[in-house]
Amino acid sequence: MSIAEIVSYSPVSGEAVGAVPVTDAQRFDTEVRRAAAAFAEGTWSSSPLLRAQAMHRWADALEREAESIADVIVSEVGKIFFEARLEVVLAVDALRYNAGLTRHVDGQAGPMHDGSISYLERRPVGVAGFIVPWNSPVALLVRDLAPALAAGTTAVVKPSPLASLSVQRVIEVGYSAGVPEDVIRIVYGDVEIGRALVEHPAVRAIGFTGSTSTGREIMRLAANDFTRVLLELGGKSASVVFADADIPRAIDSLVASSVVISGQFCMATTRVLVERSAYPEALERVVEKARGLRVGDPYDPASNLGPLISKEHRDHVLGYVDLARQTAKVVAGGEPADEAGAGLTPTVITDVELTSPIVRDEIFGPVLTVEPFDGEADAVVAANASPYGLVSSVWTKDGDRAWRVARGIDAGTVWVNRYNRSFAEMPSGGTKDSGFGRTRGIDGLRQFTEPKHINWQIS
Ligand code: NAD
């Protein structure tokens, strides 16, 4: 009997670059039970020093293998090499930060008002399932997995079928560095196996990063067994640029962030809102910068962005460009760039209504709108006009205004006078359709714990 395979294809050449076997139903159950047995056995969950040591060794090994892992990422995702290499840097940082957190005693104890004593312990939830998207398969897996391991869970990981090889490689590097094989298991497949993971009774928590529509289904499936969910979903970020800001610095940073992973990035800049008096100057610079970006071979240092993941996805993005041609204005890009697979030239759209799907939907490509606003209140209304609430930024030299606007924008993270900086120490996640729960920071670890209160009466 032949074993079904998931084949990864290069977005650049279209050629097969490797394959993994689809995990069948019986094997799937065995894998989850292996992780559950490792948790129940207790060595991993009750030994913070063992966990810290394994995570540090894994980080060291990833650092040594960074270039070769980045090659695997480029081969199946098509992002430029610099970004693929950065994924490994972020994964190493997440492992090291969370290795330290294994020794954070996150409880509470003290006398109560009635003379009794209370003790609160945060216990690891058990087996945690991780469902990973394709756009940053290594950084996003480790971002969510490392805090769970720090908390003492064991794990079952399901990569995206578009990026199985990267996840397989990273976990194999972990095994060879000393992470016990029973502590992290991998299962391969798409929707069916993802659903099965959420519904398996031994899985007590899910860390999901992916699209909002899949997140909705996962939350419904998780309801059956009250499996807790971390939902890191889509984004549609708005950046607010006031006339008193350093306009060149703001625009250069925002345009560069709009093409990270060719715009297939939940935190990519997608909307630049500019105070009306500075709008002409800012738009001119956006267009100039966007036109200067080069779509090309991921290994060419002159490339600013690689191809989109597939021609089908590019068609989806081009649908929004067509809509813009009919209902708004396309002032830069919007053209296929086939030199390296399904490329698309960085696209700038103006004259768009707040109610347009171009403003509200996650397009997931190198597409940016530039929209004028009048005053703070207008800026906040416009920034909050999409159903998403992942990240945002405010650019101004007026500190009080920055504070007011940053507080008014409904997003999990707001940067002031900078963009796209995440820290292992600080929780990140979304509001509204960008999901809920937090990864990173101590909140990231708590996500995978269950508080237990013990109260006793002193006689
Ligand atoms: P996707 O939702 O299509 O797939 C994500 C994962 O879920 C894959 O592993 C897929 O096999 C699995 N899956 C699909 N249907 C499922 C189901 N019904 N039940 C269980 N699992 C299922 O997303 P994608 O296309 O891989 O990734 C792109 C999306 O991810 C974008 O929306 C992007 O914004 C989002 N994203 C969010 C963040 C964040 O941190 N918030 C980071 C990166 C990507």
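The shell around the ligand draws at least two residues from each of α5 (137-151), α7 (191-199), β8 (203-209) and α8 (212-223). Helices (H or I, at least four residues) and strands (E, at least two) are DSSP runs, numbered from the N terminus. The model is predicted: local features need pLDDT of at least 70, side-chain atom pairs count only at pLDDT 80 or more, and totals for chains, interfaces and linings use all residues. Residues are numbered from 1 along each chain as its sequence is written, and side-chain values use heavy atoms, with hydrogens and water left out.

**Ligand site**
- Around the ligand are 30 residues, and D190, S211, T214, L233 and E362 come nearest (a residue is near if one of its heavy atoms lies within 4 Å).
- The shell holds 14 nonpolar, 9 polar and 7 charged residues (Ala, Val, Leu, Ile, Met, Phe, Trp, Tyr, Cys and Pro count as nonpolar, Asp, Glu, Lys and Arg as charged, the others, Gly among them, as polar).
- A polar side-chain atom of R143 lies 2.8 Å from a ligand oxygen atom.
- The W134 side chain places an N or O atom 3.0 Å from an oxygen atom of the ligand.
- At E232, a backbone N or O atom is 3.5 Å from a ligand nitrogen atom.
- Alone, the ligand exposes 850 Å², and the protein buries 91% of that (Shrake-Rupley method, 1.4 Å probe).

**Six-stranded sheet**
- This open sheet of 6 strands runs β7-β6-β5-β8-β9-β21, with mixed pairing (two strands pair if DSSP finds at least two bridges between them).
- Its edge strands, β7 (184-186) and β21 (435-436), each pair on one side only.
- β8 and β9 (228-232) run parallel, joined by 5 bridges. A205 stands opposite R228 in β9.
- Helix α1 (25-41) lies across β5 (127-131), β6 (154-158), β7 and β8, at about 155 degrees to β6 (axes are lines fitted to C-alpha atoms, for helices over the stretch in contact; angles run from 0 to 180 degrees between N-to-C directions).
- Helix α6 (164-177) packs on the sheet and touches β6 and β7 (contact means heavy atoms within 4.5 Å). Its direction makes about 150 degrees with that of β7.

**Seven-stranded sheet**
- The 7 strands of this open, mixed sheet follow the order β12-β15-β16-β11-β10-β18-β19.
- β12 (329-332) and β19 (413-416) are the edge strands.
- From one strand to the next, the twist averages 25 degrees.
- Parallel strands β11 (269-275) and β16 (367-373) share 5 bridges. V274 has P372 in β16 as its bridge partner.
- Helix α13 (375-383) lies across β10 (237-241), β11 and β16, at about 165 degrees to β11.

Note on methods. Polar contact = N/O pair within 3.5 Å; in protein donor to acceptor, adjacent residues only side chain to side chain.
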